[in-house]
Amino acid sequence: MLSVLDLAGSDARTNEDIFTGTSQSMPLGRIYGGQVLAQSIVAACRTLPDGRNVHSMHGYFLRPGDSAKGLTFSVDRIHDGRSFSTRRTQAFQDGVPIFSMIASFQDEDPGIEHQTPMPTGVPGPDELPDVESHLQGLHPMSKRLFTDRPVDLRHVPSPIYLTVEGERMPSQAVWMKVRRPIPDSPDIHRAALAYLSDLTIQESILRAHGVPWATRGLKVASLDHAMWWHRFGRVDEWMLYVQESPSARGGRGLATGRVYSHDGVLMASVAQEIMVRVPEGAGDGA
């Protein structure tokens, strides 16, 4: 994860800043959306002075990416003000954009403060089984999608990889952290949180209808992604990702999430809409 977030500069210039990067190897060859999202944040950060931090982004996933090919990122310096900066970043493969994002950055300023409290009564990560214990019977190639990730995940109530257990409800919580300590750079931690934010958020939509990821013929693709960073926190320590889906219809579902540090600090809010096509007869207990 850290190696793909370490983008290279380029001597190529138009009226934009150009960076290049690589992808993590993926068993099915398709780039993980959270990766290109995090890389786009890193590229934009490279055009800003220290201390001006990302606080929001809105992006669209335009085309699937090929993890075997390199990526080019162009950053347009749309605006620099006294306290805020705005950047547009686009990720390209084969000369066409696969992801487009606008992000805003701000100097740290004092101000009024409140937050929605972290839910109570959620089992802690040490009380829950790790992801590998839920993958019995899964094909080795499919299992690599989970075990090769640099992230440790613990689901509440349980994962929906193979089956959906318990009540059909449009909500869940997931404890998450990267598996090893990472550098102290706040920009790296914020980009890594963006990387993590694309994991599991779609599952509140599927859980509501009893549809596990292993459903034959299921098609899911992220359409857009929005994120707001509220407070700094380390991603190499446990965080609670509280997720819910307010709506699904017309082949699309909306999911929202809140990310808390282990001690209850609200770090970020997330929203994502996905395309979801469920084969006839699947889900809802079928």
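Modeller: Contact here means heavy atoms within 4.5 Å. Keep in mind that this is a predicted model.

Start with the helix pair. Two packed helices are described by the angle between their axes and the distance between the axes. Helix H2 covers residues 33–45, and helix H4 covers residues 186–197. Their axes come within 7 Å and cross at roughly 155°. An angle over 145 degrees counts as roughly antiparallel, so H2 is roughly antiparallel to H4. The crossing of the two is right-handed.

Now see who meets whom. H2 brings Gly34, Gln35, Leu37, Ala38, Ile41, Val42 and Cys45. H4 answers with Asp187, Ala191, Ala194, Tyr195 and Ser197. What kinds of residue make up the contact of H2 with H4? Eight are nonpolar, three are polar and one is charged.

The largest cavity holds about 50 Å³ of space. Its lining is made by His189, Arg190, Leu193, Trp229, Arg231, Phe232, Gly233 and Met267. H4 gives the largest share of that lining, three residues. By type, the lining of this cavity splits into four nonpolar, two polar and two charged residues.

One of those lining residues, Trp229, leads on to another space. The second largest pocket holds about 600 Å³. It is lined by 20 residues, and Trp229 is among the closest to its centre, along with Gln106, Glu108, Asp109 and His230. Which elements give two or more residues to this lining? They are strand S3 (52–61), strand S6 (96–107) and strand S9 (219–229). S3 gives the largest share, three residues. The pocket lining divides into seven nonpolar, seven polar and six charged residues.

Aspartate 94 lies in the loop between strand S5 (84–93) and S6. This aspartate has a positive phi of about 55°, although it is not a glycine. Then go to the loop between strand S7 (151–156) and strand S8 (171–178), where proline 157 has its place. The peptide bond from valine 156 to proline 157 is cis, with omega near 10°.

Methods: Residues are numbered from 1 along each chain as its sequence is written. This is a predicted model: local features need pLDDT of at least 70, side-chain atom pairs count only at pLDDT 80 or more; totals for chains, interfaces and linings use all residues. Side-chain values use heavy atoms; hydrogens and water are left out. Axes are lines fitted to C-alpha atoms, for helices over the stretch in contact, and angles run from 0 to 180 degrees between N-to-C directions. Helices (H or I, at least four residues) and strands (E, at least two) are DSSP runs, numbered from the N terminus. Angles under 35 degrees count as roughly parallel, over 145 as roughly antiparallel, 65 to 115 as roughly perpendicular and the rest as oblique. A crossing is left-handed if the near helix is turned anticlockwise from the far one by less than a right angle, and right-handed if clockwise. Ala, Val, Leu, Ile, Met, Phe, Trp, Tyr, Cys and Pro count as nonpolar, Asp, Glu, Lys and Arg as charged, and the others, Gly among them, as polar. On a 1 Å grid over the protein atoms alone, a cavity is a set of points where a 1.4 Å probe fits but cannot get out, and a pocket is an open set with protein on both sides within 12 Å along at least five of seven lines; lining residues have an atom within 4 Å of a point. Grid points are joined across faces, edges and corners, and a volume is the space filled by probe spheres set on the points.
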